[in-house]
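Subject: Two-chain model, handover and notes

Hello,

The model you asked for is below, followed by my notes on it. Please read the notes with the structure open.

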Amino acid sequence: MSVAGDETTVADGAAPVIEGAKGPVVAETPFRRFLSEFLESPVAAIALAALVMIVVLALAAPWIAPQNPYDLGAVDVMDNRLPPGATSMSTGMVYWLGTDGAGRDLLSAMLYGLRISLAVGVASGVIAMAIGAMVGLVAAYVGGRVEQIIMRIVDLQLSFPAILIALMLVAVLGKGVDKIIIALITVQWAYYARTVRSSALVERRKEYVEAARCLGLGHSRILFCHVLPNCLPPLIVVATVQVAHAVALEATLSFLGVGLPQTEPSLGLLISNGFEYALSGKYWISTFPGIALLLTIMTINLVGDQLRDVMNPRLKR
Amino acid sequence: MIVPSAPVGGSGDDVLVVDDLATHFFTRGGVVKAVDGVSFRVRAGEILGLVGESGSGKSITGFSILGLIDQPGRIVAGSVRFNGREITGLDEPSLRALRGNRIAMIFQDPMMTLNPVLRIDTQMVEAVQAHARVSRAEALERARLALEQVGIPAPERRLKAYPHELSGGMRQRVAIAIAFINKPDLIIADEPTTALDVTIQAQILYEAQKLCRETGTAMIWITHDLAVVSSLADRIAVMYAGRIVEQGRAADVIGAPLHPYTEGLIGSVPSHNKRGEPLVQIPGMTPSLLSLPKGCAFSTRCRYADAACRVPPPVLSLAEGRDVRCIRPLTGGRAA
């Protein structure tokens with residue numbers, strides 16, 4: 001066996017693409033390429049930067065907020081409804097964005113509220129994605145009657161308005177962060193299930209699945225190590241949109257007074273708290289949390305849009 | 001590019017004996033007899049070329065051997081004996097232990113058979129660890145050796161690559177390396193060179209043949225290209241409409257075809273015609289498996305056919321391993 005001798009004839013005519021014409025020695029990992037494609041749009045780049053900043057602010061709230069709005073000892077009720085830039089009468093601290101009806105520093109309350117809003121949105125989004133992806137994968141892979149039943153449940157779920165189901169569930173379950181996360185998961189898993197199923201249906205017909213079966217791999221291995229990674233792009237896009245939805249939905253529920261308790265105000269609850277004063281000239285209590293909510297949802301959606309453009313093979317430039 | 005002075009393979013024992021195998025698909029339109037009474041045997045180190053047009057049932061034959069027939073299809077009759085052991089009707093875990101381990105498969109399109117989102121090393125290590133309890137390092141070493149074996153330069157670098165970073169020929173080499181990695185007794189190659197350039201095709205044929213000779217692995221090479229198989233295979237079986245119409249040693253089948261269909265196939269290869277002369281072609285097209293002609297399935301396209309062909313033709317065995325399914329086998333290219 002003279003492999004070495006035949007090398008000239010045996011070696012593939014096409015030079016290995018790996019270090020192709022582009023030159024740089026740095027191996028082009030899928031992530032690197034993805035990132036550079038993502039940042040091609042300036043709007044998306046700004047949105048991503050803003051989103052990262054929002055997340056950092058929310059995470060760092062306990063350390064950067066001027067006041068702990070949950071600590072009743074730190075809050076002076078006498079300072080209630082002070083306009084932006086006012087100074088506290090007792091402690092002398094400056095309320096840059098004013099105070100709300102309970103005398104809480106609005107900036108601090110917003111930072112903490114952002115924390116809760118994002119936590120609820122991300123937690124429900126991730127759990128709903130896990131459940132939905134699992135259900136969708138199984139439906140697509142097993143097929144037949146199992147798939148029929150699962151997808152009819154999904155259709156049924158999707159035919160109801162999300163807000164209606166969430167309202168009913170929260171009314172039954174009661175208030176609390178955990179309850180609202182459960183409600184949001186219930187509302188959202190079906191979107192993920194439908195998305196994953198449709199891409200898994202395409203993927204499972206592809207030859208690499210047949211090849212994996214011919215290698216003697218088990219069903220769960222094929223499903224989770226081969227089919228699922230190929231279904232991720234659409235799933236990630238749906239996930240960003242759904243997290244934005246979850247944040248908005250949570251704000252809606254809190255605004256309606258069935259969401260989070262007064263002691264843990266999210267952005268929606270802050271807006272709701274200031275709503276009654278909005279017409280009496282004390283605009284800041286609702287407006288600033290409103291802007292924060294708007295920016296959060298907008299940046300998530302912009303990032304999601306760009307993700308969709310980059311990940312959709314049909315839009316490849 | 002034939003291995004010089006290679007001994008003709010197939011000196012060993014029977015690795016695979018397929019006897020009267022029938023795989024039918026029960027569709028709404030009726031029963032599709034995709035494979036209908038196929039019998040052949042493959043010996044260790046032997047390459048069997050399974051030739052036929054698309055829809056003749058050659059791929060389904062391969063999948064039937066692996067027990068990978070999905071609904072609404074089913075193996076309805078016949079037996080597949082692998083190393084003397086009946087493997088039709090085995091339960092899923094036992095079949096899974098065979099697949100990729102003792103019987104491996106190579107597919108047509110190397111763009112499709114490798115998972116696009118997993119690195120080559122991930123996929124190869126997975127193939128090893130599915131059948132052997134070895135450490136990741138050991139599996140990686142086997143993967144590297146396997147890549148080296150199929151003539152891939154700088155295997156360490158290729159291991160870390162994603163499939164899209166490799167050329168088509170390189171990917172098919174990786175697929176072949178994965179097939180050989182667990183040192184199987186039988187490899188079923190389903191048109192592995194059809195999607196490749198002719199130059200790459202020749203290299204792949206060379207590698208596959210060399211590996212079979214070296215390792216004593218038996219191979220079934222499924223193809224529609226008689227030219228490919230004539231230089232590669234030790235024996236050839238020609239399939240038509242779910243049945244093997246002729247089989248025998250490659251030189252015999254190509255040099256002195258017995259079945260009119262084989263004769264037509266050989267005539268359809270351009271190189272067998274003189275320049276300027278019109279190509280010989282087989283008129284018509286493969287009949288629908290739902291409405292096969294009565295008797296000989298090829299009778300509607302056969303230029304020698306007459307009323308006697310309306311009855312199902314028997315299999316005539318002219319010599320040891322030289323079979324034809326025709327009532328009037330050809331001799332010297334003319335009807336007897």
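Which residue stands opposite Gly49(B) in strand 9 of chain B? It is Ile236(B).

First, the conventions. This is a predicted model, in which local features need pLDDT of at least 70, side-chain atom pairs count only at pLDDT 80 or more, and totals for chains, interfaces and linings use all residues. Residues are numbered from 1 along each chain as its sequence is written, while chains are lettered from A and ligands numbered from 1 in the order in which they are written.

Confidence, chain A

The average pLDDT (the predictor's confidence in each residue, from 0 to 100) of chain A is 83, and 89% of the residues score at least 70. Residues 1–25 of chain A have a pLDDT below 50, and this stretch makes 22 contacts in the model beyond near neighbours in sequence. Two residues are in contact if their C-beta atoms, placed from the backbone, lie within 7 Å.

Strand 3 of chain B

Helices (H or I, at least four residues) and strands (E, at least two) are DSSP runs, numbered from the N terminus. Strand 3 of chain B covers residues 47–51, and five of the five are buried, so the strand is largely enclosed by the rest of the structure. Buried stands for 20 or more other C-beta atoms within 10 Å of a residue's own, with C-beta atoms placed from the backbone. Ile47(B), Gly49(B) and Val51(B) are buried on one side of the strand, and Leu48(B) and Leu50(B) on the other.

Strand 3 of chain B pairs (DSSP finds at least two bridges) with strand 8 of chain B, residues 218–223, in the parallel sense over five bridges. There, Val51(B) has Thr223(B) as its bridge partner. Strand 9 of chain B, residues 235–240, also runs parallel to strand 3 and is joined to it by four bridges.

The open sheet of chain B

Four strands of chain B form an open antiparallel sheet in the order 2-1-4-5. Its edges are strand 2 (30–43) and strand 5 (85–86), each of which pairs on one side only. Strand 1 (residues 14–27) and strand 4 (residues 73–82) of chain B are linked by eight bridges in the antiparallel sense, and Val17(B) has Arg81(B) as its bridge partner in strand 4.

Helices 10 and 11 of chain A

In helix 11 of chain A (residues 267–275), eight of the nine residues are buried. Among what covers them are helix 5 (106–142), helix 10 (219–255) and helix 12 (284–311) of chain A.

Ala244(A) lies in helix 10 of chain A and counts as buried because it has 21 C-beta neighbours inside 10 Å. Leaving aside residues up to four places away in sequence, Ala244(A) touches Ile297(A), Ile300(A), Asn301(A) and Gly304(A). Its C-alpha atom is 9.0 Å from that of Leu118(A), 126 residues apart along the chain.

The interface

Across the interface, 24 residues of chain A are in contact with 36 residues of chain B. On the chain B side, helix 2 (92–98), helix 3 (110–113), helix 4 (120–129), helix 7 (168–180) and helix 8 (198–215) supply at least two residues each. Helix 8 of chain B gives the most, with five residues. By type, the chain B side has 18 nonpolar residues (Ala, Val, Leu, Ile, Met, Phe, Trp, Tyr, Cys and Pro), eight charged (Asp, Glu, Lys and Arg) and 10 polar (the others, Gly among them).

Regards

Conventions:
A residue is buried if 20 or more other C-beta atoms lie within 10 Å of its own, exposed if 12 or fewer, and partly exposed in between; C-beta atoms are placed from the backbone.
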